[in-house]
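Subject: Structure for you to look at

Hi,

Here is the structure I promised to pass on. Please open it and keep it beside you while you read my notes below.

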Amino acid sequence: MGFNIGSVFLMVAIVSCLVSVAHAAQGNAVYYNPPYSPSSCFGNRNKGALVAGVSDALWNGGAACGRRYRVSCVRGTNEAPKPCRQGSVVVTVVDYCSRGCQGDINLSKDAFSQIADPKAGIVGLKT
């Protein structure tokens with residue numbers, strides 16, 4: 001999975017997991033550019049454009065594969081004006097982001113663009 005970590009880091013909120021999650025958590029989000037496959041969870045199967053990779057904080061030994069999260073931007077982490085967009089997006093976990101991860105969740109650029117301006121820098125997350 002290729003990650004665009006240049007200047008784009010935004011704070012995103014994982015508003016709710018669409019599967020069972022018992023506790024709230026916070027972290028950071030970044031985005032990565034297509035193509036979105038192959039992935040750690042589904043190999044070469046295309047799972048669409050609204051997908052994410054997760055770091056150890058959410059991976060849980062691969063149990064995160066297929067989980068769906070509703071994510072919304074809560075604030076930027078830099079000086080960019082208006083980094084967040086209103087609304088939320090539902091993403092499916094398809095990949096694992098190991099060493100070098102710059103966020104807890106790595107949204108596809110398609111998903112990230114629905115909730116934040118990719119030029120904004122960084123956005124934060126909350127479950």
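Read along the sequence, the pattern is β-β-β-α-β-β-β-α-β. That gives two helices and seven strands. Bear in mind that this is a predicted model.

Next, the protein as a whole. It has 127 residues, and 43% of them are buried. The exposed surface comes to about 6300 Å². Carbon and sulfur atoms supply 47% of that surface. Now take the contacts between residues at least 6 apart in sequence. Of these, 80% join residues at least 24 apart.

Find it in strand S5, which covers residues 89–96. Is Thr92 buried or exposed? Its relative accessibility is 17%. Buried means under 20%, so Thr92 counts as buried. What does Thr92 touch, leaving aside residues up to four places away in sequence? The list is Leu50, Val51, Ala52, Gly66, Arg67 and Arg68. Look at Ala52 in particular. Ala52 and Thr92 are 40 residues apart in sequence. In space, their C-alpha atoms are 6.0 Å apart.

Now the aromatic rings. A pair of rings is described by the distance of the centres and the angle of the planes. The structure holds three aromatic pairs. I describe two of them here.

Another pair is Trp59 and Tyr96. Here the centres are 4.7 Å apart and the planes are at 40°, so the pair is tilted. Which parts of the chain does the pair link? Trp59 is in helix H1 (residues 56–59), while Tyr96 is in strand S5. The two are 37 residues apart, so count this as a link between distant parts of the chain. Tyr96 has a relative accessible area of 25%, so it is partly exposed.

One last thing to find is a charge over a ring. The charged end of Lys47 sits over the ring of Phe42. The distance from the ring centre is 4.6 Å.

Best wishes

Definitions and conventions:
Residues numbered from 1 in each chain as written. Predicted model: local features only at pLDDT ≥ 70, side-chain atom pairs only at ≥ 80, totals over all residues. Heavy atoms only, no water. Helix = DSSP H or I, 4+ residues; strand = E, 2+ residues; numbered from the N terminus. Buried < 20%, exposed > 50% of the residue type's maximum accessible area, 1.4 Å probe, protein only. Contact = heavy atoms within 4.5 Å. Areas by Shrake-Rupley, 256 points an atom, 1.4 Å probe, with all protein chains shown as cover. Phe/Tyr/Trp six-rings, centres within 6.5 Å; stacked < 30°, edge-to-face > 60°. Lys NZ or Arg CZ within 6 Å of the ring centre and 35° of its normal.
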